[in-house]
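Work through the exercises below with the sequence and the model open. Each task is followed by its solution.

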Amino acid sequence: SICSDGSVSSPGPLSGGKGQVWEGGVRVPAIWRWPGKIPAGTINPLVTSSLDFLPTALALAGGTLDPQRTLDGRDISASLLQLPSSATRPQGTFTYWCGATLMGVRF
């Protein structure tokens, strides 16, 4: 199965793997670099998704989205420019899928 341990990736010390709901399947690093704007060496505790990249890049570039379009992602630029507290809770619903099977939902 594509969602079995070790079938696609090795998450190192984390449980699970790519496509699984364990931490090793959903916790992946992202690197944002903007000298003078985004503090170097920070760790952001918020749960985000690759779906958030487009709305965030658009906001950082000063662009606007056509109001007739709906994006699944959200603008996370505020959390990049000013690091949120590690006690900040995730916002919105976040779903975890394995292929076409819904494995978990965070509210």
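Rings of Phe, Tyr and Trp (its six-membered ring) pair if their centres lie within 6.5 Å; planes under 30 degrees apart count as stacked, over 60 as edge-to-face and the rest as tilted. This is a predicted model, where local features need pLDDT of at least 70, side-chain atom pairs count only at pLDDT 80 or more, and totals for chains, interfaces and linings use all residues. Residues are numbered from 1 along each chain as its sequence is written, and side-chain values use heavy atoms, with hydrogens and water left out.

**Exercise 1. Count the aromatic pairs and classify what you find.**

Step 1. The ring rule gives one aromatic pair.
Step 2. Ring centres of Trp32 and Phe53 are 5.6 Å apart and the planes meet at 35 degrees, so the pair is tilted.
Step 3. Trp32 is in the loop between α1 (23-26) and α2 (53-60), while Phe53 belongs to helix α2.
Step 4. Check exposure (buried is under 20% relative accessible area, exposed over 50%, partly exposed in between; 1.4 Å probe, protein chains only). Trp32 has 28% relative accessibility and is therefore partly exposed. Phe53 reaches 51%, so Phe53 is exposed.

**Exercise 2. Which charged end sits over the ring of Trp34?**

Step 1. Apply the test: NZ of Lys or CZ of Arg within 6 Å of the ring centre and within 35 degrees of the ring normal.
Step 2. Lys37 passes, with its charged end 5.6 Å from the centre of the Trp34 ring.

**Exercise 3. Is Ser77 buried or exposed, and what does Ser77 touch?**

Step 1. Locate Ser77: helix α3 (residues 77-81).
Step 2. The relative accessible area of Ser77 is 10%, so Ser77 is buried.
Step 3. Contact means heavy atoms within 4.5 Å. Setting aside neighbours within four places in sequence, Ser77 contacts Thr56, Ala59 and Leu60.

How values were computed. Helix = DSSP H or I, 4+ residues; strand = E, 2+ residues; numbered from the N terminus.
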